[in-house]
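This report walks through one structure, from its overall build to a few individual residues. Please keep the sequence and the model at hand while reading.

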Amino acid sequence: MQAEAIAAIEKLTSVLESHQAALQEYLAIEHAKRHQSDWMTPEEAALELGLTITKSNYHRRRINAAAERFGIRMSNTRPRTYWREDIHQLSRRLRDGKAII
């Protein structure tokens with residue numbers, strides 16, 4: 001009885017370890033996908049700037065206004081994309097209290 005419980009725990013532990021390894025691999029791939037482009041989607045920019053992503057896309061209007069105000073490079077695509085380095089600089093300025101959105 002006790003040996004069966006120990007065997008079940010060991011099996012569960014090995015399954016959890018393999019699941020954890022697969023999850024880490026998936027997260028690494030997703031991270032690489034996001035950061036391989038020099039452009040950010042409005043949702044990525046909102047997360048970077050600490051804005052709440054809203055169903056009504058109000059975060060997109062706020063990012064667009066901030067991009068025009070602070071001279072962030074934007075693409076003319078739909079949806080608009082924003083230059084990653086410019087968003088990072090604005091994020092640092094917001095964190096330091098030098099800019100307000």
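## Basis and fold

Helices (H or I, at least four residues) and strands (E, at least two) are taken here as DSSP runs, numbered from the N terminus. On that basis the elements of the protein chain follow the order α-β-α-α-β-α from the N terminus on, which comes to four helices and two strands.

The model is predicted, and local features need pLDDT of at least 70, side-chain atom pairs count only at pLDDT 80 or more, and totals for chains, interfaces and linings use all residues. Residues are numbered from 1 along each chain as its sequence is written, and side-chain values use heavy atoms, with hydrogens and water left out.

## Overall dimensions and surface

The radius of gyration of the protein chain is 21 Å, whereas a compact globule of 101 residues would have one near 13 Å; the radius is taken over C-alpha atoms, and the globule rule is 2.2 Å times the number of residues to the power 0.38. Along the principal axes, the C-alpha atoms of the protein chain fill a box of roughly 70 × 25 × 25 Å. Among contacts with a separation of 6 or more, 44% are between residues 24 or more positions apart, where contact means heavy atoms within 4.5 Å.

The accessible surface of the protein chain is about 7,600 Å², and 55% of this belongs to carbon and sulfur atoms; such areas come from the Shrake-Rupley method with a 1.4 Å probe, and for residues only the protein chains shown count as cover. Of the 101 residues, 23% count as buried, a term that means under 20% relative accessible area, with exposed meaning over 50% and partly exposed in between (1.4 Å probe, protein chains only).

## Salt bridges

The structure holds four salt bridges, each defined as a side-chain nitrogen of Lys or Arg within 4 Å of a carboxyl oxygen of Asp or Glu. One of them joins the side chains of E43 and R60, at 2.9 Å from N to O. Because E43 lies in helix 2 (residues 42–49) and R60 in helix 3 (residues 58–70), this pair ties together parts that are 17 residues apart in sequence. E43 is partly exposed at 24% relative accessible area, and R60 is partly exposed at 27%.

Another salt bridge is formed by the side chains of R84 and E44, with an N to O distance of 3.9 Å. R84 lies in helix 4 (residues 84–96) and E44 in helix 2, so the pair ties together parts 40 residues apart in sequence. Both R84 and E44 are buried. The side chains of R92 and E85 also meet in a salt bridge, at 3.6 Å from N to O; R92 is partly exposed with a relative accessible area of 38%, and E85 is partly exposed at 36%.

## Two exposed residues

G71 is placed in the loop between helix 3 and strand 2 (82–83), and its relative accessible area of 55% makes it exposed. Apart from neighbours within four places in sequence, G71 is in contact with A66 and D86. The C-alpha atoms of G71 and L90 are 9.9 Å apart in space, and the two residues are 19 residues apart in sequence.

I100 lies in the segment after helix 4 and is exposed, with a relative accessible area of 68%. Leaving aside neighbours within four places in sequence, I100 is in contact with R69, F70 and L94. Between the C-alpha atoms of I100 and A66 the separation is 8.8 Å, although these residues are 34 residues apart along the chain.
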